[in-house]
Amino acid sequence: MKLSGYYKERGANVALIESYSDIDASKYDAIFISKVFDYTTVDDNLLLWPNVYVGGTGFFFDKAVPLPYEIEHHMPDYHIYDDYITHDIKHLKQKSYWKNYGDYSIGFATRGCFRQCPFCVNQNYKRVEFNAHISEFYDPTTRGIILLDDNILGYSRWRDVFDELIEINKPFTFKQGMDMRLMTDEKAETLNRVKYIGNFIFAFDNINDATDIEAKLKIWRKHCNKATKFYVLSGFAGTGGDEINSIFIRIEILSKYRCMPYIMRHKNYLLTKLC
C-alpha cells in the first residue's frame, strides 16, 4: 500500500496483480512482490526479470532490506485493494478478511523487540524503537486503526502512542501478540479504558515464563475482564513428550485466568520422526 501510494503520487499507473498467471513482466516498468512466509511459492521464472523486485521476511527472514525512508513514511494507498475486495465479497458471499485493508488505517507506531527470540524475524533489534506517529498513516475516513507493532509494551514511551490513539478517538487493535511479561498496573488500566476492538492478544511461547506470565495475568485480570487471547507457540523447541506437556500446562494456566489459547504450530513439527 505504501509502494502504491508513493508511485501514484508521482503519476504512475499502479495495479494490484492477483495471480502469477496474470503477470507479463514486459508490460510493466516495475513489479514488486512481497511475502511474509518462506513457504509461500513464487514462480522462479518470474524472478529472473530485471524489473521484478522482491522483499519481505518470506524471502529474506531477518535479512530483509527496509523500504526506502520516503516510501516507509508515505501515506498508504488504502484503495489498492478496492477491486479485489469487491470481487471477493461478491463471489464468496461473505465478508472478506481483506476488507480490513479498506476499512482500517494500518501501520507501525514502533518497530522491533529486545527479546531476540530465535524463532522471530526481529533478530536485528536490541530495543523497541519509534517508527512513526499514527497520523502519518491514519486516514480519517477509515473505521479504525490496525497496529502491527512487534512489542508495544516494550517501548519506553508506550504511553505517548496510547495518548495519540486516545486523541484520534477511533477504535484500534494490535495484531501482534503483546508481551504479558511487561504488564504493569498502569499498562493494564490504560488498555482497559481505551477504544480497543477485538480480542486483546498476547503470547505465551515458553513454559519457562510460566511463573512470570501467571503473576502478570493476576495484574491483568485485576483491571480487565475483556476477551483475551494468547498465541501458544508449539513445536519449535521439540515435538516430544516434554513439549506436548508444556502446551497443556500453558493452556491450563491461561484457562485459569479465562484466556483463550491459540496454538501456533511451528514448522519444526515436520522434523518429527514418525514411528
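Helix α7 (residues 185-193) and helix α8 (residues 210-223) meet in this predicted model, with axes that come within 9 Å. Elsewhere, three strands form an open sheet. Here is a short tour of both.

**How the two helices cross**

- The axes of α7 and α8 cross at roughly 40 degrees.
- Angles under 35 degrees count as roughly parallel and those from 65 to 115 as roughly perpendicular, so α7 and α8 are oblique to each other.
- The crossing of α7 past α8 is right-handed.

**Which residues touch**

- On the α7 side, the contact is made by D185, A188, E189, L191 and N192.
- On the α8 side, I219, W220, K222 and H223 take part.

**The three-stranded sheet**

- As a bit of background, strands of a sheet pair through backbone hydrogen bonds, either parallel or antiparallel.
- In this sheet the strand order is β3-β6-β7, and the pairing is parallel.
- The edges are formed by β3 (104-107) and β7 (172-174), each of which pairs on one side only.
- From one strand to the next, the twist averages 15 degrees.

**A closer look at β3 and β6**

- Strand β6 (residues 144-147) pairs with β3 in the parallel sense, and four bridges link the two.

Note on methods
Residues are numbered from 1 along each chain as its sequence is written. This is a predicted model: local features need pLDDT of at least 70, side-chain atom pairs count only at pLDDT 80 or more; totals for chains, interfaces and linings use all residues. Side-chain values use heavy atoms; hydrogens and water are left out. Axes are lines fitted to C-alpha atoms, for helices over the stretch in contact, and angles run from 0 to 180 degrees between N-to-C directions. Angles under 35 degrees count as roughly parallel, over 145 as roughly antiparallel, 65 to 115 as roughly perpendicular and the rest as oblique. A crossing is left-handed if the near helix is turned anticlockwise from the far one by less than a right angle, and right-handed if clockwise. Contact means heavy atoms within 4.5 Å. Two strands pair if DSSP finds at least two bridges between them.
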